[in-house]
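Hi,

Here is the structure I promised to pass on.

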Amino acid sequence: MDELMARRSQSFGATAREYAEHRPDYPVSGIEWALAAADHPVRDVLDLAAGTGKLTGTLLDLGYDVTAVEPDEGMLAELRLRFPAVAAHLGAAEAIPLADDSVDAVLVGQAFHWFDPEPALSEIARVLRPGGAVAGFWNVSDDRVEWVRELDGLSRTEASRSNVQFAVVEALAHPSLTPFEEGAFDHAQRRTADSLTATIGTHSHTIVVSPEERAEVLGRIRDFLGSRPETAAAEFDLPIRTLVYRARRR
């Protein structure tokens, strides 16, 4: 990981509360599809690089026993505040603080691209029970929608890079895991012009730039949203595509 991506990966703790408030969750259909990769019923799920618990909350609602592991102390503190009953540990994907064969599934929301793939996949395979499922989730802009596509272009900063997750997807292979397969699920988040601007303000490429560039970019976004009939008045649905990559421990 180069210096810019390292800075981006370590930037979220400073905005943990805003991240928890404004980032979208993940569709139940995508979670169910991911867990269906397991060859046995799933009970214990590890939310790896759990952030503030965007996956954790939905997994709890679905009735799973969840363990969370997160490397950023600020994000972990916010997760513990919101889900005090969840076993939540400080730890990295490359050194997961769990025992061998201890969970039925490992899910990763919006974070696989920050991992060192080979040691992370080895650790994931180690903590999975045989036949257990692993999946990575990415919420991405639904660029089939014209205004969303235009907003994506306006949101770029000098720290932006295109499709960072897909470079990692190409490396998702490990001898202990079956080949990864991809699913895509329609999703949406209820937003206003102000709250969507705040959401984009929690993206790492807007956090690590100078205060001047950040203010300019977020102002540009807010002006754009205020000018569009789809987004100017009251609440609207932000169209999202959730990409899921799943595999099974051999």
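Keep in mind that this is a predicted model. If you want a spot to look at, Ala135 stands opposite Arg246 in S7.

That pair belongs to an open sheet of seven strands with mixed pairing, and the order is S3-S2-S1-S4-S5-S7-S6. Strand S3 (87–90) and strand S6 (181–191) are at the edges with a single partner strand each, so one side of each has no neighbour in the sheet. From one strand to the next, the twist averages 25°.

Now for what sits on S5 and S7. Helix H7 (residues 146–154) lies across both strands, at about 80° to S7. Which residues of H7 are buried? They are Trp147, Val148 and Leu151. Looking down the axis of H7, you'll find these buried residues within an arc of 100°, so they line one face of the helix. Their cover includes S5 and S7, along with helix H9 (193–200) and helix H11 (211–227).

One more thing to check out is a helix pair. Helix H3 (residues 28–35) packs against helix H4 (residues 54–61) at an angle of about 80°, and their axes are 11 Å apart. The two helices are therefore roughly perpendicular to each other. H3 brings Val28, Ile31 and Leu35 to the contact, while H4 brings Leu55, Thr58 and Leu59. By type, the residues of this contact are five nonpolar, one polar and no charged.

Cheers

Terms used
Residues are numbered from 1 along each chain as its sequence is written. This is a predicted model: local features need pLDDT of at least 70, side-chain atom pairs count only at pLDDT 80 or more; totals for chains, interfaces and linings use all residues. Side-chain values use heavy atoms; hydrogens and water are left out. Two strands pair if DSSP finds at least two bridges between them. Helices (H or I, at least four residues) and strands (E, at least two) are DSSP runs, numbered from the N terminus. Axes are lines fitted to C-alpha atoms, for helices over the stretch in contact, and angles run from 0 to 180 degrees between N-to-C directions. Contact means heavy atoms within 4.5 Å. Buried means under 20% relative accessible area, exposed over 50%, partly exposed in between (1.4 Å probe, protein chains only). The arc is that of the directions from the helix axis to the C-beta atoms. Angles under 35 degrees count as roughly parallel, over 145 as roughly antiparallel, 65 to 115 as roughly perpendicular and the rest as oblique. Ala, Val, Leu, Ile, Met, Phe, Trp, Tyr, Cys and Pro count as nonpolar, Asp, Glu, Lys and Arg as charged, and the others, Gly among them, as polar.
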